[in-house]
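Reader: I would like a close look at one part of this model, the loops and the helix packing beside them. Please take me through the backbone details there.

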Amino acid sequence: MTMHILGRNAARRTELTISVITFDLDNTLWDVEPALLRAEEAQRQWLVANRPGAIETFGHEALFEFKKSVWKRHPQLVHNVTKMRLQTLHELLLKANYSEADARSGADEAFAVFLAERHKVVLYEEALSILETLARSYTLGALTNGNADIYKTDAAEYFDFAFLAEDIGSAKPHPDMFQAALNETGVRADQIIHVGDDPDHDVQGANAIGMRSVWVNLRGKAWPGGTRADEEIDDLQALPSAIARIAATP
Ligand SMILES: [Mg+2]
């Protein structure tokens, strides 16, 4: 009888402890590199066809140096990957002697081409079924520093909210990103588990605001130091049990 009562209390406590799971997106739910490479290539092709002379003159290294010089001159855009990319394209076109209007429209259109490809991410094979399972018990949210849109993926239906750093005005590990999830859900920080691949942006950021955390380490990296996550997984299949263990630990 005692066992029965203890069991019931434990179940109730579990329910009350964790109610929300927030996810990083890039390299947590999908490999971002293939989508980024395709997006860069589509953007390049659009520029070559529609604003000739702007990007062809740059080799890979020179283009990277040019981008870095834009980042350096616009540090305020560092948390806004969309604006930074638009600024870079705009300056690239002005440098190639396009008019202000053609540079502006070219930047907008080239970026639209980029973004359409950027959104064609392929979720890790096991991700969808895991999200489906978790969504039955938890509120799921997305917190990303990139410009991916979870609502443009097959996982859209499982997510109750999503915040992009460019909408919040600061990027992870800044507490504002995690605070946005707290404001949205109205729960305490210790009722949220944040799941992500970046030790600093995801794990340290979540830990600092008092959330629980799971480090998704699919590439077998060494932990770089700092407070570790509550759980570490090297395979997304291990996520539901890692979450169950955290939920069972007050
Ligand atoms: Mg990531």
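Author: This is a predicted model. Pro173 sits in the loop that runs between helix H7 (165-168) and helix H8 (175-185). The peptide bond joining Lys172 and Pro173 is cis, with omega at about 10 degrees.

Two asparagines come next. Asn27 belongs to the loop between strand E1 (20-23) and helix H2 (32-50). The phi of Asn27 is positive, near 65 degrees, in a residue other than glycine. Asn27 has a relative accessible area of 16%, and because the cut-off for buried is under 20%, Asn27 counts as buried.

Asn97 is found in the loop between helix H4 (81-95) and helix H5 (100-118). Phi is positive for Asn97 as well, near 70 degrees. The relative accessible area of Asn97 is 71%, and since exposed means over 50%, Asn97 is exposed.

H3 and H4 cross in a right-handed sense. On the H3 side the contact is made by Leu63, Phe66, Lys67, Val70, Trp71 and Arg73. H4 contributes Met84, Gln87, Thr88, Glu91, Leu92 and Lys95. By class, the residues of this contact between H3 and H4 are six nonpolar, two polar and four charged.

Notes. Residues numbered from 1 in each chain as written. Predicted model: local features only at pLDDT ≥ 70, side-chain atom pairs only at ≥ 80, totals over all residues. Heavy atoms only, no water. Helix = DSSP H or I, 4+ residues; strand = E, 2+ residues; numbered from the N terminus. Buried < 20%, exposed > 50% of the residue type's maximum accessible area, 1.4 Å probe, protein only. Left-handed = near helix turned anticlockwise from the far one by under 90°. Contact = heavy atoms within 4.5 Å. Nonpolar A, V, L, I, M, F, W, Y, C, P; charged D, E, K, R; others polar.
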